[in-house]
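Have the sequence and the 3D view open as you read.

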Amino acid sequence: MRAACLLLVSLAVGGSAFALDVASWDWKTPKGSLDVLLDSGHIQGMCCDETGVYLSYAGGITKFDWQANKLVETTGPTHLGDSFAYKGKVYAVFGLRQPKTVDGKTMRGMVGVYDAATLKLEKSKLFEKPLDGCCVINDIIYASPDPCSKKLNDRAFIQRFDLDLNDLGITEVDFGFQMHFGVQTMATDGRNLYCCCYGGRHNTAVLTPDLKVLGTYHVWGSEGFCMVPESVVGKSKRPYCVITHACGGNMQGWRADPKG
């Protein structure tokens, strides 16, 4: 009974302080609703909107409502790194395990656009670099080219696209900490960009939309991190976010029955 839970936390960023206060809220997927992970590994990312929660993994996306009932599911190319719901669409980024050749170029990445209600793929486009982490701010898609190397990296890379999937270029960013692979998940509070990585004491960077680093923090959101709409949690002085966790503990928990 592969299962996931979401932790609802209130978020405060100011100066050098990054406060996460866990709220009293329980959201757990029903028995069997994520058995797809037996073949697909583990949750790679998540996003949400007023209509529900989207859990993305290597083989596709599963949508749940806010009571954790399964609504719809889709499959995609291997390693769907992260997703983001925006204006009735779900934007997803991929690292292709089997690259494709287009006009003599080796394409290892893809951006896909899905209908948020049906998860039907509406359009996609291939790119040279494998992609991970996904967010949309002011009609600009943000993603992170993934070096696909377990070697520690000193720099992150952010690639931007418009909503027609035209490439707007890659920017190298110094987060001030080392990470494995590239940015794993992205989120936004409507103003800034949150980039979660596999790292140590600091593993999350907060950036402005023009990619200036505001601060780095310790938040375990690299398997799913997203802000919650006000329609779900109500108005608050601080935004709320959800963080995805496996019932049973990190990556091993995605393939095991939870205990306790």
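**From a ring pair to the core**

Phe-181 counts as partly exposed, at 23% relative accessibility; the scale here calls a residue buried under 20% relative accessible area, exposed over 50% and partly exposed in between, using a 1.4 Å probe and protein chains only. Before going on, a word on the source: this is a predicted model, where local features need pLDDT of at least 70 and side-chain atom pairs count only at pLDDT 80 or more, while totals for chains, interfaces and linings use all residues. Residues are numbered from 1 along each chain as its sequence is written, and side-chain values use heavy atoms, with hydrogens and water left out.

Now for the rings. Searching the whole structure turns up 4 aromatic pairs; rings of Phe, Tyr and Trp (its six-membered ring) pair if their centres lie within 6.5 Å, and planes under 30 degrees apart count as stacked, over 60 as edge-to-face and the rest as tilted. One of them joins Phe-175 and Phe-177, with ring centres 5.6 Å apart and planes at 45 degrees, so this pair is tilted. Phe-175 is buried at a relative accessible area of 3%, and Phe-177 is buried too, at 9%.

What about Phe-181? Its ring pairs with that of Tyr-198: the centres are 6.3 Å apart and the planes sit at 75 degrees, so the pair is edge-to-face. Phe-181 belongs to strand S17 (residues 179–188) and Tyr-198 to strand S18 (residues 193–199), so the pair ties together parts 17 residues apart in sequence. Strands are DSSP runs (E, at least two residues), numbered from the N terminus. Tyr-198 is buried, with a relative accessible area of 19%.

Back to Phe-175, which sits in the loop between strand S16 (167–173) and S17. Setting aside residues up to four places away in sequence, Phe-175 touches Val-183, Cys-195 and Leu-207, among others; contact means heavy atoms within 4.5 Å.

Those names come up again in the largest nonpolar core, which has 31 residues; Phe-175, Val-183, Met-186, Cys-195 and Leu-207 are among those with the most contacts inside it. Such a core is a set of buried Ala, Val, Leu, Ile, Met, Phe, Trp, Tyr and Cys residues joined through side-chain atoms within 4.5 Å. Strand S12 (residues 131–137) gives this core its largest share, 5 residues.

Note on methods
Helix = DSSP H or I, 4+ residues; strand = E, 2+ residues; numbered from the N terminus.
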